[in-house]
Amino acid sequence: MKILITGGSGTIGKAFIREFPEHTYFNVSRNEKFLTDLMREHPKTKNYIGNIEDKEFLVRVFKDVKPDVVIHAAAMKHINIAEENPIQACQSNVIGSINVINASVLTDVPITIGISTDKACSSESVYGDTKSLMEKCFMEADTDRNRFALTRFANVAHSNGSVLPFWINLFKEGKTLKLTSKKMNRLMFSKSDSAQLINKAINKCKSDGGGFVCSYKMKSVNMYKLAQCISSDIEIVGLRPGEKLDEDLISEKEVPFTYVHDDMIYIYNQENLDMNTLTKGYSSSSAEKMTIKEMKELIWTTR
């Protein structure tokens, strides 16, 4: 298959390419440092340098590539930066996503998968609001001809700018680990898990059609206990703007629209009258907790 990834030089794009090397890959991104890293790690990937906010550029690329699948991973991702720059966050995460949708429809891409986040659920931040809007736009765009679906991520361990590599570097330098609160819990999974989730969404679109948001029944991590697995030298610095102690993956309002299959959760636009629904919302406060062994594996396994 020909797979085009927006933001493909980031953590998620590289994880997917590494996990599924059998496909032909094309990348759209603007970060030259990340592009250089991608070219070194995956030299067969063809790169287009540009911005998803430029609709005409995107359409030209989509027409040139004629992809079988588009994975839309490009976004402004950091909560505090989005909180301080809401106009640019909307330009990147909402307008940019609509540009991807329009380019997929105009060039007749069969499957387009959007990468969303648990921050979109019960949002209390600019970042979460923009991702919630992206989800709604993708769900509306789905048709029998052009399939659109989404994966809803939690925290991806060892992703660019995430807390684990930051903490590990502080520990190696003999410095204090910074933590916002001892009570903070997060749903967290590996880069490999994130790639597998995207692949499951693609396969479901092929077999059953789109119009869904999907995620895993992932485990919860207490961030203080996670930090203690690295160092005992920990400083509590307080919550940042837009940050919460716990994150919802599935809200109470979404429960009637869920379908559960094994470790997967699917959310649809229509109420599910089947028995395989969640009985309550799914969040980092109520999910099964990771063991200390699982936390250590997450810390020291970088893929």
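Among contacts in the protein between residues at least 6 apart in sequence, what percentage join residues at least 24 apart? In this predicted model, in which local features need pLDDT of at least 70, side-chain atom pairs count only at pLDDT 80 or more, and totals for chains, interfaces and linings use all residues, the share is 73%, a contact being heavy atoms within 4.5 Å. Residues are numbered from 1 along each chain as its sequence is written, and side-chain values use heavy atoms, with hydrogens and water left out.

The secondary structure comprises 10 helices and 16 strands, where helices (H or I, at least four residues) and strands (E, at least two) are DSSP runs numbered from the N terminus. The radius of gyration, taken over C-alpha atoms, is 19 Å, close to the 19 Å given for 303 residues by the globule rule (2.2 Å times the number of residues to the power 0.38), so the protein is as compact as a globular protein of that length. Of the 303 residues, 55% count as buried, that is, under 20% relative accessible area with a 1.4 Å probe and protein chains only.

Terms used. Buried means under 20% relative accessible area, exposed over 50%, partly exposed in between (1.4 Å probe, protein chains only).
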